[in-house]
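Let's take a walk through this one together. Have the sequence and the fold side by side as we go.

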Amino acid sequence: MKKIIFALCVVFIGCKGTSQEKEAPKLDTKKKEQFKVTKTEAEWRKQLTDMQFYVLRKAGTENPGSSELLNNKQKGVYTCAACGTELFKSEHKFDSGTGWPSFDREIKGNVAYDVDYDLGYARTEEHCATCGGHLGHVFNDGPRQTTGKRHCINGAALNFVPEK
């Protein structure tokens, strides 16, 4: 009987897990929400670098310490690398020691939130409210003297516009 149940599971469920995919799975929320800026996958691929596409459109994660923006101390604004929406101000950036650019708050209305279970537990995922591009995650272990939030953001999802 156990062999029959196992065989049925293999036939109906299959053996392939998400760990065998070459790219991170798309978040279901991107299919449900309508964004102001929408493009086809081919249009996004043409516009973005491979890493930007992987992070922004496939909800991937860059390696810690790999972003040029990690140690950026200039004054200015961080924008979405896909659509240019202003997301974070430099005065809210801090060194979290995690290897990713971190901010204690977003520019209200320009960042949207969802929950993902990619690691087997709930995390608050952040995405651009204009184009739906995946940015990173927000955690409750940020600076207590400000918001207590740590917006842990992939540098590949951002462009930096220096203050004039």
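How many aromatic pairs does a search of the whole structure find? The search turns up 3, where rings of Phe, Tyr and Trp (its six-membered ring) pair if their centres lie within 6.5 Å, with planes under 30 degrees apart called stacked, over 60 edge-to-face and the rest tilted. Tyr 78 and Phe 160 make a tilted pair, since their ring centres sit 4.8 Å apart with planes at 55 degrees. Tyr 78 is in strand β1 and Phe 160 in strand β9, so this pair ties together parts 82 residues apart in sequence. Phe 88 and Phe 103 are stacked, with centres 4.4 Å apart and planes at 15 degrees. Together, Tyr 78, Phe 88, Phe 103 and Phe 160 form one aromatic cluster.

Before going further, a word on the source: this is a predicted model, in which local features need pLDDT of at least 70 and side-chain atom pairs count only at pLDDT 80 or more, while totals for chains, interfaces and linings use all residues. Residues are numbered from 1 along each chain as its sequence is written, and side-chain values use heavy atoms, leaving out hydrogens and water.

β7 pairs antiparallel with β6 over 4 bridges (pairing takes at least two DSSP bridges), and Glu 125 stands opposite His 137. On to β8: 4 bridges join this strand to β7, again antiparallel, with Phe 139 opposite Arg 150.

Methods:
Helix = DSSP H or I, 4+ residues; strand = E, 2+ residues; numbered from the N terminus.
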